[in-house]
Amino acid sequence: MSTPMVAAQNVRKNLGSTEILKGINLEVAKGSVTCLIGPSGSGKTTFLRCINHLEKVDAGRLYVDGQLVGYTERNGKLYEKKERETAKSRLSVGMVFQRFNLFPHMTVLANVVEAPIQVQRRPRKEITAEAQTLLDRVGLGHRGDAYPQELSGGQQQRIAIARALAMKPNLMLFDEPTSALDPELVGEVLDVMRDLAEAGMTMVVVTHELGFAKQVCDQVVFMDDGVVVESGPPSQLLDCPQHERTQAFLSKVL
Amino acid sequence: MQKQSRSPGTVTPDAAVRDATDEATTVVPLKHNVRLAVAIVLLVVAAAVAFSVATNENYRWGVVRSYLFNDQILAGAGLTLLLTLISMTAGILLGTVLAIMRLSANPIVSTLSRGYIWFFRGTPLLVQLIFWYNIAALYPIISIGVPFGGPSIGIASANQLITPLGAALLGLSLNEAAYMAEIIRGGIGSVDRGQTEAARALGMSGGKLMRRIVLPQAMRVVLPPTGNQVISMLKGTSLVSVLAISDLLYSAQIIYAANYQTIALLIVASLWYLLMTTILSFFQNKIERRYGRGFDTPPRRVRHKTRTAS
């Protein structure tokens, strides 16, 4: 079996004196879609943010594509990486936020080409054409000149997905991508994500959309109070959960 | 409101209002009698003042007119503008550095910045200007070398290096930097944390993240108070007249010291200050609109496009 895209070994994280992650063990295979579900405050978002080192891991090891995240291992010690090195390792990981976080002072097209030009130093002509294709793919090819604020939440989130894809990532992280959307706009974002999954992208999705989890995910992970309580294929975890806490959560949500 | 009106079993206020307006009732708007009276009184006062200014011969408008385009006055206005531009530019650059230092996670760096701001905001600008003018009393010779009494190379005497104009620029710039640092810090703080995170997630870091993402968005918050600073700097440069620098005010002072037309020349100077602040305000509006793009109102260009499309 090839190296997993994400491998977490006993990952721990403290914020102040509270322990947010109490030893997470998890593997995400290449080309698979993993959904993280669980009550709020269970640590799902924190774990997702650890994967691209927006949060520092305090203990344990987290590998992305075989590379240790945020640290270099030498002589049995872990040395924290410099900001610049960490930034480089983030290039292969795309992230989509709950609140979109598009750059409001740039047009839609400028949002998508910003990082490829500024960070990857790719020629503007080439990436502009590519960005146009990406915008077409999320159904917004005609809105390249608009500013983010002129668009609906659903449209903004689709742009945010296009912006992340422009970096040609191997792994896409989604942090509750539909939670800030009006109910009627959720579908258009999930459709884009479904297409992406079908195209073989490795995805880790924190979500409350159990319908999406059931249809698209290969693996569903239920987290509660900083630990992975249970994980498995959606048919097993969502339909006949083994653990009491999973059952309690699902009965409240469904 | 809508939710309320939908709840069952209550008489909805909406319905009551609708009933009232359905009948052809005449609506009598509220009369603001006091407000009107105050406005009329103020208008009369303003007219009286204008009349007096126009007719009182002590203003000597003839003298004002003859000195308005006097060479010395024009040169003074030019110098005032130059002082403003140089000090403001230096103040903004140094202020940006101080603001970023102030936000640093390193306590030494942020405390140093805080100390600088404390000192330069806490002492009068006039005192700082006179201080720089007299710096030679403290350090007769300016040199570069190892601190704490180590070897050093003398460069020049302080009087040669720091001319009155140099002292004025130093005083104005260093003072301005302290104020700009606080304004820029506020601007940076106003940018949503999600913006930095999104940029970091895209592989940006350090200076690039600041320049491309944070500062352009901070501009929107920074610009209005900066406009204020530019205008108060333009007038603040008149303080340098104490250093015998022939700025606008000092030029006017020199002329009225000779011909005793004090009021007339102060009016000349004021008219030029007013003209320059008006022009600067105009540019401020333009720049504010440029950096407001994507935030408040959609820019005209885009609005126009959607109109033709529909």
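Predicted model: local features only at pLDDT ≥ 70, side-chain atom pairs only at ≥ 80, totals over all residues.
**Entry 1. Salt bridges overall**

I began with the total: the structure holds 20 salt bridges over all chains. Side chains of opposite charge can pair when their charged atoms come close. I then examined individual pairs.

**Entry 2. A:Arg12 and A:Glu19**

I found a salt bridge between the side chains of A:Arg12 and A:Glu19, with an N to O distance of 2.9 Å. I next asked how accessible the two partners are. A:Arg12 is partly exposed, at a relative accessible area of 30%. A:Glu19 is also partly exposed, with a value of 35%.

**Entry 3. A:Lys22 and A:Asp225**

I looked up a further pair in chain A, in which A:Lys22 and A:Asp225 form a salt bridge at 3.3 Å, N to O. Which parts of chain A does this pair tie together? A:Lys22 belongs to strand 2 (residues 18–28), whereas A:Asp225 sits in the loop between strand 11 (219–224) and strand 12 (227–232), so the bridge joins parts that are 203 residues apart in sequence. As for accessibility, A:Lys22 counts as partly exposed at 30%, and A:Asp225 counts as partly exposed at 45%.

**Entry 4. A:Glu83 and B:Arg200**

I turned to a contact between chains. The side chains of A:Glu83 and B:Arg200 meet in a salt bridge of 3.7 Å, N to O. This pair runs from helix 2 (residues 83–89) of chain A, which holds A:Glu83, to helix 11 (residues 193–201) of chain B, which holds B:Arg200. I noted A:Glu83 as partly exposed, at 38% relative accessibility.

**Entry 5. A salt-bridge network**

I also recorded a network of salt bridges that links A:Lys13, A:Arg49 and A:Glu55 with B:Arg193 and B:Glu197.

**Entry 6. Helix 5 and helix 13 of chain B**

Finally, I checked how two helices of chain B pack. The axes of helix 5 (residues 71–102) and helix 13 (residues 248–259) come within 7 Å and cross at roughly 155 degrees. Angles over 145 degrees count as roughly antiparallel, so helix 5 of chain B is roughly antiparallel to helix 13 of chain B.

Which residues make the contact? From helix 5 of chain B I listed B:Gln72, B:Ile73, B:Gly76, B:Ala77 and B:Thr80, which meet B:Leu248, B:Ser251, B:Ala252, B:Ile254 and B:Ile255 in helix 13 of chain B. By class, the residues of this contact comprise 6 nonpolar, 4 polar and no charged.

Technical notes:
Residues numbered from 1 in each chain as written. Chains lettered and ligands numbered in written order. Heavy atoms only, no water. Salt bridge = Lys/Arg side-chain N within 4 Å of Asp/Glu carboxyl O. Buried < 20%, exposed > 50% of the residue type's maximum accessible area, 1.4 Å probe, protein only. Helix = DSSP H or I, 4+ residues; strand = E, 2+ residues; numbered from the N terminus. Axes fitted to C-alpha atoms, helices over the stretch in contact; angles between N-to-C directions. Parallel < 35°, antiparallel > 145°, perpendicular 65-115°, else oblique. Contact = heavy atoms within 4.5 Å. Nonpolar A, V, L, I, M, F, W, Y, C, P; charged D, E, K, R; others polar.
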